[in-house]
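Open the structure in a viewer and keep the residue selection panel at hand. The stops below each give a selection and then what is found there.

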Amino acid sequence: MDYNKARIKAEKLVSLMTAEEKMSQLLFNSPAIERLGIDSYNWWNEACHGVARAGVATVFPQSIGMAATFNPGLVNRVAEAVSTEGRAKYNKSVAHGDRGIYKGLTFWAPNVNIFRDPRWGRGQETCGEDPFLTSQIGTAYIKGLQGDGEFLKAAACAKHFAAHSGPEGKRHSFNAEVSKKDLAETYLPAFEKAVEAGVAGVMGAYNRTNGEPCCASPALMDILRRQWGFRGYFVSDCWAVTDIYEGHKYAPSIKEAAAAALNAGCELNCGDAYIALKDAYKDGLITDTEITAAAVRLFTIRALLGEFEEERPYGDIPYSAVSCPEHKALNLEAARETLVLLENRDSFLPLDRKEKMKIAVVGPNALSRLALEGNYSGHADEYITVADGIRRVFGNAEITVADGASIKGVNSPRWNEFEGLLSEGIAAAEEADITVLCLGLDRTIEGEDLGFENDFTVSGDRRTAALPENQLQLAEAVCNACENVIVVVLCGSCADLGDSVRKRAKAVLHGWYPGALGGLALAQALAGEFSPSGKLPITFYRADTELPDIENYSMKNRTYRFSEAEALYPFGYGLSFTEFAFKNAEIVSNDEEQIVCTAEVTNTGAFDSAVKVQCYAHYTDSRTETPRLQLCALAPEFLNKGETKTVRLEIDKYWLKAVLENGERVTPDGEITLYIGDCQPDTEENTLKIKI
């Protein structure tokens with residue numbers, strides 16, 4: 001069904017409703033209208049990295065990990081699997097009369113906010129710090145969720161519009177002051193590309209942007225609706241309309257807050273503020289025109305999902321599709337590609353899995369399921385922690401497991417204080433040939449508006465790029481006790497281990513929150529069953545780097561594009577067990593819309609491996625300030641050892657435009673230099689100079 005047919009069906013249904021019935025449908029928990037044969041529907045459903053909060057489902061790597069794959073095609077396949085499980089669960093829920101929360105098909109994902117500050121607790125839900133990478137990963141996820149059939153397989157929702165990335169503790173009253181240039185250059189492109197991809201929904205943020213609450217912002221809605229032509233539905237973040245009155249003090253009453261949101265173009269309220277629309281309607285603050293328009297948009301989405309068809313689409317997807325073997329295999333494949341190898345001194349990895357040795361698996365995330373999940377996750381029917389994975393893969397080894405330290409979060413299953421755990425960690429390490437040190441965080445200390453503070457976190461936002469002090473002390477002690485230490489970090493952002501530990505560790509792997517099978521993927525990487533190919537979707541900073549205030553939304557000195565600080569590890573970085581050589585870069589076409597480049601890449605090492613080819617643009621003599629570098633194309637490939645391939649990079653000129661102070665994208669003055677490689681440019685060999 002195309003959009004126009006769905007809209008006609010929606011208009012016909014809505015025309016039969018009273019004003020009160022129409023207003024009832026603008027709440028996320030929309031009640032049934034029995035006289036019209038309309039069932040109740042709950043719009044609140046989550047699928048950030050798998051169907052969430054609805055029982056058992058495949059728990060894929062958290063979004064920041066999927067961004068680290070630098071592989072939109074893989075992310076698209078993951079999203080297809082997620083929508084399949086969503087339909088399977090929906091089919092059975094409806095069959096059994098369960099239309100409650102988290103049982104529907106309108107998934108409030110992906111989060112395409114820019115991870116501009118590594119301390120932001122919800123950065124784990126995003127696709128990283130770069131607008132191009134975020135757009136590529138985000139649109140791949142949207143298209144995978146929604147499918148390409150006659151009906152939407154599921155409805156994706158890009159969130160949180162717009163300029164939303166902390167601080168968590170102030171989000172219900174905070175005003176993000178953002179220049180037109182930064183909005184157009186950094187904060188809005190991923191949303192624009194989501195609209196171009198046909199995303200069904202957009203969610204407004206809690207905060208204000210330039211003084212206007214994001215869920216009642218005429219300025220933002222003008223961009224979304226008029227400039228970009230968005231035809232889908234707009235939903236408030238949960239209880240964000242209430243914030244218009246209580247937090248932002250933007251409206252003098254709840255009915256006026258509800259009216260402001262509806263009049264601005266927010267069709268759906270996650271929360272209960274729209275109950276007050278009845279009073280707003282009675283007092284003339286809203287009219288039947290706004291109510292009807294909102295209801296029509298919402299019922300258009302429900303029609304596109306096939307809800308009103310005699311034979312519902314995708315009704316033949318069985319419940320056995322949930323957490324099926326095919327999805328578990330895909331989950332393991334995704335987990336493998338998320339892993340970023342940061343250090344590998346003297347090619348210490350991979351280990352010989354056949355060798356008899358003593359391995360100690362030490363640290364608060366050695367046995368942690370929470371560190372596999374991240375936030376907004378489902379519940380897997382099987383988890384393989386790091387310790388579990390090492391037991392499976394290293395069958396000839398003698399394996400000892402110890403905590404050594406706590407996470408320092410809340411609701412932690414390991415409540416012991418640090419002093420009571422350190423000795424066991426040292427004891428395990430000093431008797432081992434190799435220690436796998438499992439450090440990091442979980443959602444009890446890094447996440448969404450956690451509501452508590454300690455010396456590490458403020459309402460889920462981190463105070464520093466370092467790990468908690470107790471873990472750093474454990475790391476020092478383990479490096480003193482064992483000569484061969486491999487550090488595995490599971491968390492949603494960067495982690496500075498300190499110079500002493502980093503220089504003494506034989507290898508460092510960053511695993512993000514790698515999903516239910518993440519421990520197996522990590523163990524397989526240690527054993528060399530595959531070569532790591534993940535790349536950093538954010539800049540890793542040193543703990544003592546002076547970052548801008550998290551409340552400052554200027555992009556000056558933020559991310560690889562504008563930062564003047566020396567990175568601990570740069571955006572796009574990630575080692576492999578092999579080496580790649582690039583040559584013969586050339587431009588094969590340059591038209592009004594895009595540039596196409598090619599380059600030869602050769603696997604010159606001893607391992608078969610994926611390679612994530614990246615193209616960066618650098619500007620000279622621009623009339624306005626431009627990014628230091630801008631990622632503008634990706635080409636993931638797999639090369640056997642010794643193999644050479646010609647890779648093709650298609651560059652949309654949108655990403656090469658310069659952004660003026662007024663937010664206008666223009667053709668830049670001077671030359672643009674393009675760099676092709678598997679990281680940020682570190683050589684002049686593969687450069688191309690163009691003028692557009």
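Select Phe28, Trp44, Tyr102, Trp108 and Trp239: in this predicted model they form one aromatic cluster. A search of the whole structure gives 22 aromatic pairs. Within the cluster, keep Phe28 and Trp44 selected. Their ring centres are 5.6 Å apart and their planes stand at 75°, so the pair counts as edge-to-face. Planes over 60 degrees apart fall in that class. Are Phe28 and Trp44 buried or exposed? Both are buried.

Next, select Trp43 and Tyr233. These two form an aromatic pair with a centre-to-centre distance of 4.9 Å and 55° between the planes, which is a tilted arrangement. Trp43 belongs to the loop between β2 and α3, while Tyr233 is in strand β8 (residues 233-236), so the pair ties together parts that are 190 residues apart in sequence. Trp43 and Tyr233 are both buried.

Move on to helix α6, residues 180-187. How many of its 8 residues are buried? The count is 7, and the helix is mostly covered. To see them, select Lys181, Asp182, Leu183, Ala184, Glu185, Thr186 and Tyr187, the buried residues of α6. Then show what lies over them: the covering elements include the helices α5 (131-146), α7 (189-196) and α20 (559-562), together with the strands β22 (658-659) and β23 (665-666).

For the last stop, select helix α15 (residues 386-393) and helix α19 (residues 518-526). Two packed helices are described by the angle between their axes and the distance between the axes. Here the angle is about 50° and the axes are 7 Å apart. That angle makes α15 oblique to α19. The crossing of α15 past α19 is right-handed. Show side chains at the contact: α15 contributes Val386, Gly389, Ile390 and Val393, and α19 contributes Gly519, Leu520, Leu522, Ala523, Gln524 and Leu526. Which kinds of residue make up this contact? There are 7 nonpolar and 3 polar residues, and no charged ones. On the α15 side, look at the spacing of the selected positions. An α-helix has 3.6 residues a turn, so residues three or four places apart point the same way.

Definitions and conventions
Residues numbered from 1 in each chain as written. Predicted model: local features only at pLDDT ≥ 70, side-chain atom pairs only at ≥ 80, totals over all residues. Heavy atoms only, no water. Axes fitted to C-alpha atoms, helices over the stretch in contact; angles between N-to-C directions. Helix = DSSP H or I, 4+ residues; strand = E, 2+ residues; numbered from the N terminus. Parallel < 35°, antiparallel > 145°, perpendicular 65-115°, else oblique. Left-handed = near helix turned anticlockwise from the far one by under 90°. Contact = heavy atoms within 4.5 Å. Nonpolar A, V, L, I, M, F, W, Y, C, P; charged D, E, K, R; others polar. Phe/Tyr/Trp six-rings, centres within 6.5 Å; stacked < 30°, edge-to-face > 60°. Buried < 20%, exposed > 50% of the residue type's maximum accessible area, 1.4 Å probe, protein only.
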